[in-house]
Amino acid sequence: MNQAGARTLAGRMGITFQEATAERLVATMPVAGNSQLYGMLHGGASAVLAESLGSIGAALHAGAGRIAVGVDINATHHRAVRSGTVTGVATALFLGQTGATYEVVVTDRSGRRVCTARITCALRATRRKRT
């Protein structure tokens, strides 16, 4: 999964997946290179981490011949992080036929909650390419 995503946004942000099932996903991301002007982890970077985890989890749940498309994400930022690595853990809240929802908790290296996010994906059949 990490190799396949190397040329995606997740790869450019240094996200490394540690565990991935439809029910639970874990990934890490460095703060360096993902900070805002004040030197703190950018809130958008936390959202990218959350969406990456939730979208992959939903795709795993969807199975072959189906895709997951993010339709809603929200994130609450609890504390600043200035260095090190953050860890995101996505836990499935709902796994249905047409949608999947995940809660994602992002923590710093001390285990303190940095961000809480929720992502919902729609599950669709893969479309054939038009010729």
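Because the model is predicted, local features are reported at pLDDT of at least 70 and side-chain atom pairs at pLDDT 80 or more, while totals for chains, interfaces and linings use all residues. Residues are numbered from 1 along each chain as its sequence is written, and side-chain values use heavy atoms, with hydrogens and water left out.

The protein chain contains 2 helices and 6 strands, where helices (H or I, at least four residues) and strands (E, at least two) are DSSP runs numbered from the N terminus. Read from the N terminus, the order of these elements is α-β-β-α-β-β-β-β. The radius of gyration of the protein chain is 15 Å, close to the 14 Å of the globule rule for 131 residues, so the chain is as compact as a globular protein of that length. This radius is taken over C-alpha atoms, and the globule rule is 2.2 Å times the number of residues to the power 0.38. Along the principal axes, the C-alpha atoms occupy a box of roughly 45 × 30 × 25 Å.

Of the 131 residues in the protein chain, 36% are buried. Buried denotes under 20% relative accessible area, exposed over 50%, and partly exposed the range in between (1.4 Å probe, protein chains only). Among contacts with a separation of 6 or more, 61% join residues 24 or more positions apart; a contact requires heavy atoms within 4.5 Å.

The protein chain carries 15 positive and 6 negative side chains, and the centres of the two sets are 9 Å apart. Lys and Arg count as positive and Asp and Glu as negative, with His and the chain ends not counted. Each charge is placed at NZ of Lys, CZ of Arg, CG of Asp or CD of Glu.

A search of the whole structure gave 0 disulfides, a disulfide being a pair of cysteine sulfur atoms within 2.5 Å. The closest cysteine sulfur to that of Cys115 belongs to Cys121 and is 16 Å away, too far for a bond. Cys121 likewise is in no disulfide. Cys115 is buried, because its relative accessibility is 0%, and Cys121 is buried at 1%.

Thr101 is located in strand S5 (residues 99–107) and is buried, with a relative accessible area of 13%. Beyond its neighbours within four places in sequence, Thr101 contacts Thr91, Ala92, Leu93, Phe94, Arg118, Ile119 and Thr120. Asn74, in strand S3, is partly exposed at 31% relative accessibility. With residues up to four places away in sequence left out, Asn74 touches Thr116, Ala117 and Arg118. The C-alpha atoms of Asn74 and Glu103, 29 residues apart in sequence, are separated by 9.9 Å.

Ala47 belongs to helix H2 and is partly exposed, with a relative accessible area of 23%. From Ala47 to Cys115 the C-alpha separation is 8.7 Å, across 68 residues along the chain. Ala64 is in the loop between helix H2 (43–62) and strand S3 (66–77) and is exposed at 82% relative accessibility. Ala64 and Thr16 are 48 residues apart along the chain, and their C-alpha atoms are 23 Å apart.
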